[in-house]
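This report covers one predicted model. Please look over the sequence and structure first.

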Amino acid sequence: MGMPQPSFYLFKCQQSAPPQMPGKPSCVTEATQDLFQFMSMTLMQKGLVGNVMPIQTGCLNRCNAGPLMLVEPGHTMYAGLTKEKIVRIIDEHIIGGNVVEEYLIDEELWDAPISPADMIKQMAQ
């Protein structure tokens, strides 16, 4: 038996606003800079490292709703993260299998995906 694939990938936006743009919304501020480390430690404490992969990522293009985390599989985007929300997402979604609906990003900011071919067609119009 080989090494199993992870069940989940947790993409945590680690983008901060550039210094020349003070006040711009971003997923990493002084108050939220430790969320990725907290998420990783929580996964470790629950024995999920390897089965659930925390991944630091750049901008997810939804800065006004940050801090953000994208859960795959499922294209599930969580917004306004805090340590308490991360614990609940891990317990209820990752372990329990139930999306935490009240932490989801607004549908207007996270609509159904568009294929790259359709995007190119739309841009050509």
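## An aromatic pair

Tyr9 is partly exposed, at a relative accessible area of 31%, and Phe11 is partly exposed at 24%. Partly exposed lies between buried (under 20% relative accessible area) and exposed (over 50%), with a 1.4 Å probe and protein chains only.

One aromatic pair is counted. Tyr9 and Phe11 form this stacked pair, 6.4 Å centre to centre with 25 degrees between the planes. Rings of Phe, Tyr and Trp (its six-membered ring) pair if their centres lie within 6.5 Å; planes under 30 degrees apart count as stacked, over 60 as edge-to-face and the rest as tilted.

## Nonpolar cores

The largest nonpolar core has 18 residues, and Leu10, Met39, Met69 and Tyr78 have the most contacts inside it. Strand 1 (8-13), helix 1, strand 3 (69-72) and helix 2 (83-95) each supply at least two of its residues. Another core, of nine residues, lies apart from it and includes Cys13, Leu60, Met77 and Ile105.

A nonpolar core is a set of buried Ala, Val, Leu, Ile, Met, Phe, Trp, Tyr and Cys residues joined through side-chain atoms within 4.5 Å. Helices (H or I, at least four residues) and strands (E, at least two) are DSSP runs, numbered from the N terminus.

## Helix 1

Met41 lies in helix 1, which spans residues 35-45. Met41 counts as partly exposed because its relative accessibility is 38%.

## Basis of the values

Residues are numbered from 1 along each chain as its sequence is written, and side-chain values use heavy atoms, leaving out hydrogens and water. Local features need pLDDT of at least 70 and side-chain atom pairs count only at pLDDT 80 or more, while totals for chains, interfaces and linings use all residues.
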